[in-house]
Amino acid sequence: MSGPVVTYRRDGNVGVITANNPPVNALGHAVREGLLTALAQAEADPAAEAIVIACAGRTFFAGADITEFGKPPKHPILGEVLARLENNAKPVIAALHGTALGGGFEVALACHYRVAVDSAQVGLPEVSLGIIPGAGGTQRLPRLVGVAAALDVIIGGNRLTAGQAMEMGAVDAVVSEPLVDAAVAFAADLVRGGKGPRPTRDAAVTSGADDIAAARQQHARRYRGFNAPFRAIDAVEEALSLPFDDGLKHERALFEACNATVEARALQYAFFAQRQAAKVKDIPKETPARPIEHAAVIGGGTMGRGIAMVFADAGIPVSLLEVSPDARDAALAAIGKTYDGMVARNRVARDVADARLAAIAGATDYADLAGADLVVEAVFEEMAVKKKVIATLDSVVAADAIVATNTSYLDVNEIAAASKHPERVLGMHFFSPANVMKLLEVVRADRTSNTALATVMPLAKRLGKIPVVSGVCHGFIGNRMLQVYQREANRLLQEGASITQIDKAIYDFGLPMGPFAVRDLAGIDVGWRMRKAFGIGRSQDARYSRVADMLCEQGQFGQKSGIGFYLYKDGRTATGENPLVADLAAAEADEVGIAPRDIADTEIVDRCVYAMINEGAHLLDEGIAQRPSDIDIVWLNGYGFPAYRGGPMFYADTVGVPAVLDALARFQKAHGAVWAAAPLLERVAREGMTLADLNT
Ligand code: 3H9
C-alpha cells in the first residue's frame, strides 16, 4: 500500500482527518499511531476550530485489526487514542459510512458528535469473536442510548442502521453524500452555534439494573457454554455503578481476560476460516464469473421451495418448475405461507415478502427455464431421475449456463456425465431449511470447470450463504463425517449406554441436540431409505446397528410420527425414551456378542468427536476437503458444532493431535479397524505440527 494510512488537511475552519487502510480500515497499529499524529496536527492548527474523523474507501473503521489479537498489545492501544479524541478541546465529529463496527463504532462513540449517511450501519459484534468491546463500548453506549438498547447491540449483536442509531441517540444526523462535505458543514454549524466538545463520558447512566438481570436470563440459552456475552453484561453493569474511568479499566481487564480464552481463539479463527473457505486453492483469482441474473429450480418439494426462496430473498428472479399445475400451485402456496409466517414474526416487512414471492415464477414446462443462467435441480434423490433432468437441460438452457444438483449423497460425477456439458455441472448442497441454513457445500466434480466454481462461490455470498468446496464422495464433507459420528452413537447404544445418556453427553459438550434427538427431528426414515438404496448394512460392518431400521419398519419415524427413538406429545415435546429402543439394542448386543457395561460420558464424547476428527483427516488425505478449517466451517454452520470449540479440527488441536492419536489407538484395540488413524494425523504428530498449520 502506498501513502500514509492517516492524513490531515483543513477545509475552511474544520480540520479533516482521513484514514485509508483497505480493505475495511481495520484499526491496526499504524492506523492508531496515524490517528494520534493527525490529531496532534489538528490540535496545533490554529485555523481548525473543529475536527472531522472520516475514512476513505468502502467503510468507516470496521473494527480493531483482528489479526493483532493473538499478539501482545502495541501502544498506542485504541483506548489511548479514544481518550485523546474525547478529551479534545475542539469538537470532534465522526463521519460514518459503510459498517462502523466494534472498535470503529467505539471511535465514533468517543467523538463528540456523529453524522452518518443513510446506508451506514453501526454495531458492536465483539462477542461473536469471543471478546467484549475493549475501547469503551460498554461504558459509552449505555450513556448515549440507555442500558436496554445498549445490551441489544452488545449482546444481541444487532447492527443498527443510521436511522435507527439516530432514533436511539447514537447518531446526531443522517446526512447526504458527499459525506465528508456534509460532516464539515455540520462541524462549521456547531462552531457557528458556539457548541463545543460534548464528551460522552459526561452523560449519566440513569437506570438499568432490571435490564441487566433480564439480559442474563434472556441470553442464557442462546449463549450456553459461552463466556464473552456474560462478561459483556458484567461490563455494562459496571457502567451503572462505577465512575467512568474505573468502568473503562474494568472493561479493558475483562476484554483481555476474554481474549485469552480458547473461545476467543476459536471464534477469531472461525472468522478468518469462513473467508478462507470461499477461496478455491487452485483456481486463479482472475477467473471470470458468469453473470447470474435469472435462476431456476427444478422440483417444488421442501428443498426446492427453500432454494427458490434463497434466490428470491437475494433479489434474483427465479423460476420454479413442477410436474403439474397442481404441484406448481401447491409449491407456490407453501412458499407464500412461509413468507406469511415470517411477516407474522416480524422477520420481514409485508411489502418485502410480497416482492420476494413475486420474484418466484411457477412453471410446468422446461421451455420456461430457457433464459436461466443457473439451474438447481432438487428432484427426488434417485440417480435415474436426476440424470434425466440433467440431460433434459442440455436442450433447454444456454450451453454456458451453470447446472447444479442439490443431491446429498449421490455421485455428482455420474450425474454430470448425463450432460453433454459436464464442465458446467456441480453440486450445490443446501441444508434444510434452505432459506435459513447458512452452509452451502459446493461439490466440485472431476470435470467441473473453473468458471462454474468461480461463479458459484461468490454467488453463494450474494445469496447470504457460507460456501465450502467439497470433492465427490458419499455424503461429501458434512454427511460423511455425520455417518461416523452416528456410527459411534449407535455402537455406544449397543454397548450399554442409553440414548438419553448419549444425547445428554453430546448436549453437554455443546451441540444443540444429541445424535438421537436430531434423527427424530429430521426423520429417521431419511437415513433408512438412503441406506436401503445404497445397500448399506451388516455386509459392510458386522456391528451395523439395525435399531433405527427396525423402528422405521414399524412406522416409527421420529417427531413426525409421534414416536421414534423418543416418545412425543404435541408432535415435538419428548416425554421419554421409546421403550422399544433399549430392548432392540439389548437384543442386538446379544446378537453381535457384546456384554453391556457402564460407559462414562467422557468416552461417549471422545468416541463421537474423535471419529469425526479421524474422518475429517481422511477427507483431507483424499483431497475431498481443501483444508482443515473448511471442515470446521461445515460443522459450525451446518451441524451446530459449538462455536466456542472452533469446529472438530480446531478442537483436535486444542486437545493435541498426539493425544487424539493415543485415544484412536485405544479405541482401535477395543473396537476394531474402523479406528485406524488417518495417515494425515500421524504425519501432523510426527512432524510436530498442528492441523491449523495445514490451513495456510
Ligand atoms: C474490535 O473491534 C474490538 C474492539 O472493541 C477494540 C478492542 C481494543 N480485522 O468480510 P469481508 C478482512 S473486534 C482484520 O470479506 P465484506 C477479511 O478477513 C472487531 N481483517 O468483506 C477479508 O480479508 P481477505 C470488530 C479484517 O465486505 C477482508 O477484510 N469488528 C477485519 O463481506 C474483507 O472482509 C468486526 O467484527 C478486521 N476487523 O464485509 C467486523 N474485518 O480479503 C469484522 C475484515 O484477505 N468484519 N477483515 O479474505 C466484518 O464483519 C466484515 O469484514 C465487514 C465487511 C462487514 C466489515
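## Basis of the description

Residues are numbered from 1 along each chain as its sequence is written, and side-chain values use heavy atoms, with hydrogens and water left out. Since the model is predicted, local features need pLDDT of at least 70 and side-chain atom pairs count only at pLDDT 80 or more, while totals for chains, interfaces and linings use all residues.

## Helices H4 and H9

Helix H4 (residues 137-145) and helix H9 (residues 228-241) have axes that come within 8 Å and cross at roughly 55 degrees; helices here are DSSP runs of H or I with at least four residues, numbered from the N terminus, and axes are lines fitted to C-alpha atoms over the stretch in contact, with angles running from 0 to 180 degrees between N-to-C directions. That angle makes H4 oblique to H9, on a scale where angles under 35 degrees count as roughly parallel, over 145 as roughly antiparallel, 65 to 115 as roughly perpendicular and the rest as oblique.

On the H4 side, Thr138, Gln139, Pro142 and Arg143 meet Ala232, Ala235, Val236, Glu238 and Ala239 of H9, where contact means heavy atoms within 4.5 Å. By class, this contact of H4 with H9 has five nonpolar, two polar and two charged residues; Ala, Val, Leu, Ile, Met, Phe, Trp, Tyr, Cys and Pro count as nonpolar, Asp, Glu, Lys and Arg as charged, and the others, Gly among them, as polar.

## Helices H19 and H20

Helix H19 (residues 499-509) and helix H20 (residues 515-522) pack with their axes 7 Å apart at an angle of about 100 degrees, and the two are therefore roughly perpendicular to each other. Ile499, Ile502, Asp503 and Ile506 of H19 make the contact with Pro515, Phe516 and Ala517 of H20, and the residues of this contact divide into six nonpolar, no polar and one charged.

## A pocket and a cavity

The second largest pocket is lined by 13 residues, of which Ile77, Gly79, Glu80, Leu248 and Arg252 lie nearest its centre. On a 1 Å grid over the protein atoms alone, a pocket is an open set of points with protein on both sides within 12 Å along at least five of seven lines, a cavity is a set where a 1.4 Å probe fits but cannot get out, and lining residues have an atom within 4 Å of a point. The lining of this pocket divides into five nonpolar, three polar and five charged residues.

The largest cavity is lined by Leu35, Leu39, Ile53, Val81, Leu82, Leu85 and Val107, and by class this lining has seven nonpolar, no polar and no charged residues. Its largest share, three residues, comes from H2.
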